[in-house]
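These are my notebook entries on a structure I looked up.

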Amino acid sequence: MRRRMVFAFPAILMGLVLLLGAPPVAATEEAPDAMIKRLSTEVLDGIKSDPAIRNGDVNRIIALVDRRIMPNVDFPRMTASAVGPQWRQASPEQQKRLQEEFKTLLVRTYAGALAQVIDQTIIVKPLRAAADDKEVVVRTEVRGRGDPIQLDYRLERTPGQGSGWQIYNLNVLGVWLVETYRSQFAQEINARGLDGLIGVLNERNKSNAKKG
Amino acid sequence: MIRISGLVLRSTAWRIAVSGVLLLSGCATTTGSSDPRDPLEPFNRSVFAFNDAADKAIFKPAATLYRDLTPALVRTGVSNFLGNLDDVWSFANSLLQFKGQAAAQSFMRVNVNTLFGFGGILDIASEARIERQREDFGQTLAVWGVKDGPYIVLPLFGPSTLRDVVAWPVDLKGDLLSGIDHIRTRNTFKVLDQLDLRASFLSLGDALEDGALDKYTFTREAFLQRRRNAVFDGNPPDLPADDGTPKRPCAGVVHPRGARGIRVIRFGVSNVT
């Protein structure tokens, strides 16, 4: 695990990049593992070929994420899942703000990790799912130096949208992102309510932005 | 996450183990909005704050120095050598868990790396795609049916769970480093072990500062999930979705495969056991 964690960053970021944006693709349905393979390769190539990102330019990374990943991620579902039962009681305005702040937090936090991608490759493991499953788990591994890093995706079938599948959760080294944030969000909501959570996220994003 | 010298550790560990056994027999009660997996939260938070301060003051600078002064090749060699010793213990635990393939893999790893890797300094087995599968005695207990117990943050040693604390003395016995009689050599290796471990987390620490709303909760969650993942060897059964129903406290899920030196025990709250 030790050496893995060093490279968890690029993996986390990659996964996040995949989670957060991609341009709409043709409406033909792709198999979920093929889609992940394609997106991962595109993102990795995009990073490796962009010297500005390699130097840590956060705005370029955010642009990459918005451009390449967002359409393939069901971010409302991710945010709803992380917020928990309170989501249903949130106003549309609150929901929108929560999504924005959550997305900013994830991208900005792990932006530095993307810059460290050098020669990693992604291996997509064979898909173990029935043909008519509505939700699947695609398992991949990031291989580079050190131990391979487990990187799994949960996808849901979304016929007619994009490539037919959307990501709604990400697992790095055995830790599911949504669950990890869920317990932190629950703590804030219990203490200060939904608005309190939005406030905390907003403050954190502002201070992260200041750090550049 | 630091091991102090073997002797001091053992007696502390036994004391923890004894009190652990007493705690394991009863279930903690949930209080208000706290996480049922973490009934000792106030205690854990203060230990976590202490560990964090100690880390900032001592371990992180030491590990940074280690990383900056040692060539990458040397660090990799040290890491491989220590990993090889771990693989021996993983082999023993795989047997205890009746995991034939994992045992065979660990056995092959140890042989290949020791014979062809200059005593473990080169990690030839990983090049040959013989995967490492870490098993420790905490995971063995989990597979045998022992539940996690409460989440506990140990001073200096970091997150753990009751079951893994109880398993600790056995893991110490299985630590081949303890078998080195020459005290100076043994201590040098133990210090190197911890520096190596801490150095590998240096880049992760910054992300934790920025991305986690609450470092304590983030660490607990990540730890417990990783432990659960390790116990089930990468395929944990799904937990039911969180819809706010009250959880049964002290339900345990075990994760096999913590990192070296990190005793992770997960306190899973699960209606599926």
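**Entry 1**

Two residues are in contact if their C-beta atoms, placed from the backbone, lie within 7 Å. The model is predicted: local features need pLDDT of at least 70, side-chain atom pairs count only at pLDDT 80 or more, and totals for chains, interfaces and linings use all residues. Residues are numbered from 1 along each chain as its sequence is written, while chains are lettered from A and ligands numbered from 1 in the order in which they are written.

I then noted that buried residues make up 50% of the 212 residues in chain A. A residue is buried if 20 or more other C-beta atoms lie within 10 Å of its own, exposed if 12 or fewer, and partly exposed in between, with C-beta atoms placed from the backbone.

**Entry 2: Helices and strands**

I found 7 helices and 5 strands in chain A. Helices (H or I, at least four residues) and strands (E, at least two) are DSSP runs, numbered from the N terminus. Along the sequence, I read the pattern α-α-α-α-α-α-β-β-β-β-β-α for chain A.

**Entry 3: The sheet**

In what order do the 5 strands of the open sheet in chain A stand? I recorded E1-E2-E3-E4-E5, with antiparallel pairing. The edge strands are E1 (121-124) and E5 (175-176) of chain A, each of which pairs on one side only. Two strands pair if DSSP finds at least two bridges between them. Strands of a sheet pair through backbone hydrogen bonds, either parallel or antiparallel.

I traced 4 bridges from E1(A) to strand E2 (residues 135-143) of chain A, and A:Thr121 stands opposite A:Arg143 in E2(A).

**Entry 4: Strand E4**

Strand E4 (residues 165-172) of chain A is mostly covered, with 8 of its 8 residues buried. I counted 7 bridges between E4(A) and strand E3 (residues 149-157) of chain A, and 2 bridges between E4(A) and E5(A). A:Asn171 in E4(A) stands opposite A:Asp152 and also opposite A:Trp176 in E5(A). The hairpin of E4(A) and E5(A) has 2 residues between the strands, and A:Leu173 there takes a positive phi near 55 degrees.

**Entry 5: Confidence**

I noted an ipTM of 0.74 and a pTM of 0.73 from the predictor for the complex. Chain B averages a pLDDT (the predictor's confidence in each residue, from 0 to 100) of 76. In chain B, pLDDT stays under 50 over residues 242-273.
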